[in-house]
Amino acid sequence: MQYVAAYALLTLGGKANPSEADVKGLLAEVGVTGSDAEIKSLVEALKGKSLQEVITEGLKKVGTLSLGGGSSQASAPVAAQAQAVKKVEEKPVEKAPEPEEDVDMGGLFD
């Protein structure tokens, strides 16, 4: 996970395709020694892909995970949750209450 985080930070910092040396350097700056084989594997697997593309692919995979419980009822809570989110989005936004009058606190916050 440290390697993926370092790669992501480098990408977000402006490096389109971080190299093994870039990832090792960042890890070294924070005091982490990395496995050369694992870093090489990560860089090769992500070569030519954008960070957003990788995250999107990962989210699709996470959405298909079954995290315990009965699998026959797994889609019902997801559908109910999606419908609840839709209802929340449809509610009108309420105005903020009028600000109350300032009260003199006797220099408490001066």
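Of the 110 residues of the protein, 13% count as buried, where buried denotes a relative accessible area under 20%, exposed one over 50% and partly exposed the range in between (1.4 Å probe, protein chains only). The model is a predicted one, in which local features require pLDDT of at least 70 and side-chain atom pairs count only at pLDDT 80 or more, while totals for chains, interfaces and linings use all residues. Residues are numbered from 1 along each chain as its sequence is written, and side-chain values use heavy atoms, with hydrogens and water left out.

The protein contains 5 helices and 0 strands; helices (H or I, at least four residues) and strands (E, at least two) are DSSP runs numbered from the N terminus. The order of elements from the N terminus is α-α-α-α-α. Among contacts with a separation of 6 or more, 42% are between residues 24 or more positions apart, a contact being defined by heavy atoms within 4.5 Å.

In helix α1 (2–12), the buried residues are Tyr3, Ala6, Tyr7, Ala8, Leu10 and Thr11. The cover over the buried residues of α1 includes α2, α3 and α4. Gly14, which follows α1, has a positive phi near 120°.

The axes of α1 and α2 come within 9 Å and cross at roughly 105°; axes are lines fitted to C-alpha atoms, for helices over the stretch in contact, and angles run from 0 to 180 degrees between N-to-C directions. This angle makes α1 roughly perpendicular to α2, since angles under 35 degrees count as roughly parallel, over 145 as roughly antiparallel, 65 to 115 as roughly perpendicular and the rest as oblique. From α1, Gln2, Tyr3, Ala6, Tyr7, Leu9 and Leu10 meet Asp22, Val23, Leu26 and Leu27 of α2. The contact of α1 with α2 comprises 8 nonpolar, 1 polar and 1 charged residues, with Ala, Val, Leu, Ile, Met, Phe, Trp, Tyr, Cys and Pro classed as nonpolar, Asp, Glu, Lys and Arg as charged, and the others, Gly among them, as polar.

Helix α2 (residues 20–29) also packs against helix α3 (residues 36–46), their axes coming within 9 Å and crossing at roughly 125°. The two helices are therefore oblique to each other. The contact is formed by Glu20, Val23, Lys24 and Leu27 in α2 with Asp36, Ile39, Lys40 and Val43 in α3. By class, the residues of this contact divide into 4 nonpolar, no polar and 4 charged.

The largest nonpolar core has 10 residues in all, namely Tyr3, Ala6, Tyr7, Leu10, Val23, Leu27, Ile39, Leu42, Val43 and Leu46; such a core is a set of buried Ala, Val, Leu, Ile, Met, Phe, Trp, Tyr and Cys residues joined through side-chain atoms within 4.5 Å. Two or more residues of this core are given by each of α1, α2 and α3. Leaving aside residues up to four places away in sequence, Tyr3 touches Val23, Leu27, Gly34, Ser35, Glu38, Ile39 and Leu42.

Ala37, in helix α3, is exposed, with a relative accessible area of 56%. Between Ala37 and Glu20, 17 residues apart in sequence, the C-alpha to C-alpha distance is 9.8 Å. Gln52, in helix α4 (residues 51–63), is likewise exposed, with a relative accessible area of 53%. Gln52 lies 9.8 Å from Ala8, C-alpha to C-alpha, at a sequence separation of 44 residues.
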